[in-house]
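Colleague: I have this structure open and would like to go through it with you. Could we start with the strands and then move on to other topics?

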Amino acid sequence: MKIKTVYQCTSCGYQSPKWAGKCPDCGEWNTLAETAQVKGSAKAAKAAPKQPVSRLSEVETGSDQRLLTGIAEFDRVMGGGIVRDSVTIITSPPGGGKSTLSLMAASALAKQGFRVLYASGEESDSQIKNRADRILDTIAENIWIVADTSMDNVLDAIREIDPDLIILDSIQTFSLAEFLPSRAGNPTQTMECASALVAQAKNKSRPRAVLMIGQMNKSDEIAGLRALEHLVDAVLVLEGEGADELRCLVATKNRFGSTGEMGFFTMTEAGLASIENPSAYFVTKRERGDSVSGSAIAVLKEGSRPVIAEIESLVSPSFTPYPSRISETMKKDTMNTLISILEQRGGIKLYDKNVVIKTTGGLYLKEQAANLAVLMSIASSVYDKSIPSDWAFLADVGLTGELKRVPSMESRIKELDRMGFKQVFISAGGMRELHLENIRVVEAKFLSQLLNHVFGKKGNG
């Protein structure tokens with residue numbers, strides 16, 4: 001076996017025999033890292049076990065191939081539970097809760113009789129035990145802990161314990177002796193350790209589920225090569241900083257479920273708690289008649305389900321030549337575009353006013369379905385006139401001031417109806433008939449018409 005030193009780009013995977021400050025392939029600076037490349041003999045390559053060939057029509061699948069943790073939001077994002085022979089990687093910013101969520105999943109499955117191995121290269125067994133005492137009611141007997149950075153020792157523990165679920169925290173802290181002197185976290189070590197776990201998971205005679213925790217870099221991506229994301233079956237991103245109560249679990253890749261599916265959690269002293277009715281969480285609860293100015297309701301599509309969200313705006317006089325435009329919940333360019341539409345097409349002048357926009361619960365506005373609600377909340381703040389709390393707005397707004405239809409209109413309106421809303425404003429045309437119990441659907445063609453209908457004004461000139 002020969003060991004050869006090469007320099008591999010941590011961004012794109014390009015390999016070079018010599019170091020350079022700039023990657024010749026992707027153009028990134030200071031990404032070429034020294035890597036020990038191991039070359040085995042042809043005889044060793046031939047020793048790999050031959051996999052049987054199967055007809056696709058004869059491959060067996062079924063609902064019993066999933067492990068249900070009972071953590072509602074986690075199971076939803078996974079597509080209905082963890083597939084028995086799958087490899088999943090979870091990443092988040094430091095303190096985001098990925099280790100806590102993994103330990104909760106381990107406990108839930110262990111209580112069902114499944115055997116779980118939790119391998120940690122970052123914490124000692126006593127530190128893991130302290131976290132378990134804090135977030136778990138009881139610690140199941142079927143959870144084994146190995147605090148080691150040697151992947152060889154982890155593989156030995158897998159053979160000894162024969163677990164149904166393997167958790168690795170985190171993949172960047174482990175190394176295989178075969179690929180030394182490459183350090184843990186090196187692209188070679190990370191990929192080889194991950195490949196070893198994939199081989200354990202895909203064993204046809206003994207399939208296992210693998211849950212890897214991945215560290216996040218400064219670009220909010222999984223540290224290391226992007227090839228790691230291609231290797232695994234599912235990539236989950238747990239969004240939310242350490243000080244934030246809200247955590248959003250997003251599937252950016254899932255071979256066994258919907259990509260983009262989102263689950264909501266709150267961080268408590270006892271760990272992560274599922275928010276099973278987000279539509280109630282992201283709206284301020286007010287009694288009828290307690291409406292306030294600057295608030296409007298939208299319906300967002302988070303994964304496969306509609307979520308009702310409250311958008312709040314504050315408009316105040318500016319005493320500087322350049323008024324402030326502040327929002328942590330939407331892109332600044334989108335915000336400026338909407339303000340321009342409101343000025344030109346709605347007749348509301350904001351050139352001398354500060355505008356601040358936020359959402360209840362900190363939900364980020366990623367889709368255009370919220371645009372009409374954003375404009376109506378700004379108008380409500382300008383006029384200092386409240387919008388009834390059981391009204392909602394569901395449309396995009398074009399540069400012409402026309403209201404435009406948004407995708408999944410029917411499912412969004414049904415969610416509003418389920419939550420007891422009385423009126424929803426949408427774009428004119430294209431709405432098929434629905435059986436609704438509580439809500440009245442009002443169609444409008446132009447933003448100016450809707451402003452006049454809701455506020456009785458055409459603008460402030």
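This is a predicted model: local features need pLDDT of at least 70, side-chain atom pairs count only at pLDDT 80 or more; totals for chains, interfaces and linings use all residues.

Colleague: How many bridges join β13 and β14, and in which sense do they pair?

Modeller: The pairing of β13 with β14 (residues 271-274) is antiparallel and extends over four bridges. Within it, M267 stands opposite L272 in β14.

Colleague: And which way do β12 and β13 run?

Modeller: β12 and β13 run antiparallel, joined by five bridges. There, L246 stands opposite T266 in β13.

Colleague: Is β13 mostly covered or mostly open?

Modeller: β13 is mostly covered, with five of its seven residues buried.

Colleague: Let us turn to β7. How many of its residues are buried?

Modeller: Five of the five residues in strand β7 (residues 116-120) are buried. V116, Y118 and S120 point one way from the strand, while L117 and A119 point the other way.

Colleague: Which strand does the chain reach from β7 through helix α4?

Modeller: From β7 the chain passes through helix α4 (residues 125-135) to β8, and this β-α-β crossover is right-handed. β7 and β8 (residues 143-147) run parallel and are joined by five bridges.

Colleague: What about β7 and β9?

Modeller: Five bridges join β7 to β9 (residues 165-169), and these two strands run parallel.

Colleague: Where do nonpolar side chains tend to be in general?

Modeller: In soluble globular proteins they tend to be buried together.

Colleague: Which residues form a nonpolar patch on the surface here?

Modeller: L314, I326 and V356 form one, and together they have about 250 Å² of accessible area. L314 belongs to strand β16 (residues 305-317).

Colleague: Why does L314 count as exposed?

Modeller: L314 counts as exposed because its relative accessibility is 53%, and the cut-off for exposed is over 50%.

Colleague: On to charges. How many salt bridges does a search of the whole structure find?

Modeller: The search finds 16 salt bridges. One of them joins R305 to E73, with the closest N and O atoms 2.4 Å apart. R305 lies in β16 and E73 in helix α2 (residues 72-77), so the pair ties together parts that are 232 residues apart in sequence.

Colleague: Are R305 and E73 buried or exposed?

Modeller: R305 is buried, with a relative accessible area of 8%. E73 is buried as well, with a relative accessible area of 3%.

Colleague: What does D162 form a salt bridge with?

Modeller: D162 forms a salt bridge with R208, and their closest N and O atoms are 2.8 Å apart. D162 is in the loop between α5 (151-161) and β9, and R208 is in the loop between α6 (187-201) and β10 (209-214), so this pair ties together parts 46 residues apart in sequence. D162 counts as partly exposed at 32% relative accessibility, whereas R208 counts as buried at 9%.

Colleague: And where do D233 and R255 lie?

Modeller: D233 and R255 form a salt bridge whose closest N and O atoms are 2.7 Å apart. D233 lies in the loop between α7 (227-231) and β11 (234-239), and R255 in the loop between β12 (246-254) and β13 (262-268), 22 residues apart. D233 is buried, with a relative accessible area of 3%, while R255 counts as partly exposed at 47% relative accessibility.

Colleague: Which residues do salt bridges with shared partners join into one network?

Modeller: D162, D164, R206 and R208 are joined in that way.

Colleague: Finally, what are the overall figures for the protein?

Modeller: The secondary structure comes to 12 helices and 23 strands. Buried residues make up 49% of the 461 residues. Along its principal axes, the C-alpha trace spans about 80 × 55 × 50 Å.

Terms used:
Residues are numbered from 1 along each chain as its sequence is written. Side-chain values use heavy atoms; hydrogens and water are left out. Patches are made of residues with over 30% relative accessible area and no salt bridge: like charges are joined within 9 Å, nonpolar side chains (Val, Leu, Ile, Met, Phe, Trp, Tyr) within 5 Å. Accessible areas come from the Shrake-Rupley method with a 1.4 Å probe; for residues, only the protein chains shown count as cover. A salt bridge is a side-chain nitrogen of Lys or Arg within 4 Å of a carboxyl oxygen of Asp or Glu. Buried means under 20% relative accessible area, exposed over 50%, partly exposed in between (1.4 Å probe, protein chains only). Two strands pair if DSSP finds at least two bridges between them. A crossover is right-handed if, with the strands pointing away from the viewer, the path from the first strand over the helix to the second runs clockwise.
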